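Work through the exercises below with the structure open. Each task is followed by a solution in steps.

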Amino acid sequence: MSDPSRITPSPSVATHDLGGAPRFRCAPVERDEAPPGAFGKRVDALRQLLSQKQLLTVDELRRGIEAIPADDYFSLSYYERWLRSITALMIEKGIVTEEELR
Amino acid sequence: MSAPVRSDSPGKLAALIAALTAKGIVTEDELEASEAQTDRASPEIGARMVARAWLDAAWRRLLLSDGTAAAEAIGVSMAGAPPLGVLEDTARRHHLIVCTLCSCYPRAVLGYPPHWYKSFAYRARAVRDPRGLLAEWGTSLADGVEVRVVDSTADYRWMVLPVRPAGTEGWDEDRLTALVTRDVLVGVSLPQAIPAGAESG
Amino acid sequence: MTAPGDAGFAPGSIVRVRNDWPERSGPCHVRTPHYLRGRSGTVQRLLGRFPNPEDLAFGRPAPSRALYHVLFEQPPVWQEGRPGDELLVEVFEHWLEPAGAESRAATGAAS
């Protein structure tokens with residue numbers, strides 16, 4: 001099992017599997033109490049609609065987020081990760097094409 | 001922060017919605033209705049469920065044995081929602097809720113999760129340094145209280161039933177509900193009775 | 001590995017989380033946190049049966065799996081923390097195996 005003093009996680013540990021992650025061991029929690037902004041609310045609504053229409057499951061959404069490379073995973077905002085995943089899934093499922101999104 | 005960090009993100013969202021709208025998959029009306037519905041959930045729902053449990057032993061038993069049924073009983077439609085679990089604090093045990101893998105949260109009875117709940121720091125530290133986290137919230141636990149951190153890894157969503165604070169004897173449901181903040185329901189704070197007439201904070 | 005129809009784990013059973021690492025084999029979606037792999041804990045209760053998220057995530061047929069609430073002591077997981085502090089985590093049956101008496105001692109579980 002990984003040495004707690006290491007900052008670099010074992011390559012076996014997925015990017016999103018953050019419980020106890022040494023990288024954030026001493027990071028204070030930013031107490032952002034603001035409600036989601038317009039962007040976040042709209043992404044959230046889109047996700048809910050697509051789920052209701054059985055075009056996307058929460059498990060697929062999570063899987064898509066987990067596939068985001070670590071650099072992007074840690075630099076994108078929460079709802080940008082959602083948008084990245086939803087977009088990739090819509091393309092994967094052939095519901096939209098990359099060309100249609102340009 | 002949930003604000004996008006990349007300047008092209010709003011445009012990408014708009015392009016995706018435009019493509020889906022053009023194919024008749026979603027409509028603007030549906031998006032607005034979905035946002036409005038999500039806005040209706042708030043932590044006051046969970047707070048009221050707790051307040052009622054402090055006053056009514058039969059309700060308390062229902063809440064702890066079947067949180068989903070309890071939510072339905074107070075008018076929250078749980079159709080299609082994940083099952084709700086409620087965890088009982090005692091004089092010797094305090095619960096703290098987290099989702100280390102993503103951001104699972106009992107939205108039906110608490111509304112949107114706050115950004116800090118979804119943050120890397122909270123997700124990383126809650127399971128390993130819960131007392132350090134509680135200290136950041138100014139929350140101190142009595143001697144002999146153990147912390148039980150609940151990692152929401154699968155189908156359930158979890159909420160805390162805290163211990164009713166001292167100094168609330170005779171309070172009605174509304175007054176008790178006001179004590180139960182979202183932070184209390186997640187377990188980062190404890191409910192505190194503020195004496196009538198005293199300044200808050 | 002438990003099969004459908006097995007009696008499952010009764011509350012109070014000592015179980016060990018498999019020290020498996022599917023992450024090494026390619027894309028996967030696993031809801032058993034890394035910090036539990038190889039750890040022993042005590043089953044609190046059966047939460048229900050749910051379709052396996054590992055399959056749902058890839059649009060595959062998802063068999064129903066028993067989901068347990070399992071209690072772990074914090075200090076053995078992290079080599080730090082206060083004795084008596086615990087972790088309560090949802091773990092699917094196919095990640096759990098029975099643990100013997102030696103694990104009972106390792107978890108510090110009360111007899």
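**Exercise 1. List the buried residues of α2(A), then find what covers them.**

Solution. The model is a predicted one. Start with the helix itself: α2 of chain A spans residues 58-66. Eight of its nine residues are buried, which leaves the helix mostly covered. The buried set runs as follows: A:Asp59, A:Glu60, A:Leu61, A:Arg62, A:Arg63, A:Gly64, A:Ile65 and A:Glu66. Next, look at the cover. Chain A contributes α1 (38-52) and α4 (78-92), among others. Chain C also takes part, through its α1 (53-56).

**Exercise 2. Describe the side of chain C that touches chain B.**

Solution. Begin with the totals. The contact involves 17 residues of chain C and 16 residues of chain B. Now assign the chain C side to elements. Those giving two or more residues are β2 (40-51) and β4 (86-92). β4(C) supplies the largest share, six residues. Then sort this side by residue class: 11 are nonpolar, one is polar and five are charged.

**Exercise 3. Which strand of chain B is joined to β4(C), and how do the two run?**

Solution. Look for the bridges. Strand β3 of chain B, residues 146-151, is joined to β4(C) by four of them. The two strands run parallel. Take one pair as a check: B:Arg148 has C:Glu86 of β4(C) as its bridge partner.

**Exercise 4. Summarise chain B as a whole.**

Solution. Count the elements: 11 helices and four strands. Take the extent along the principal axes: the C-alpha atoms fill a box of roughly 60 × 35 × 35 Å. Check burial: 44% of the 201 residues of chain B count as buried. Last, take the contacts between residues at least 6 apart in sequence. In chain B, 72% of these join residues at least 24 apart.

Terms used
Residues numbered from 1 in each chain as written. Chains lettered and ligands numbered in written order. Predicted model: local features only at pLDDT ≥ 70, side-chain atom pairs only at ≥ 80, totals over all residues. Contact = placed C-beta atoms within 7 Å. Nonpolar A, V, L, I, M, F, W, Y, C, P; charged D, E, K, R; others polar. Pairing = 2+ DSSP bridges. Buried ≥ 20, exposed ≤ 12 C-beta atoms within 10 Å, placed from the backbone.
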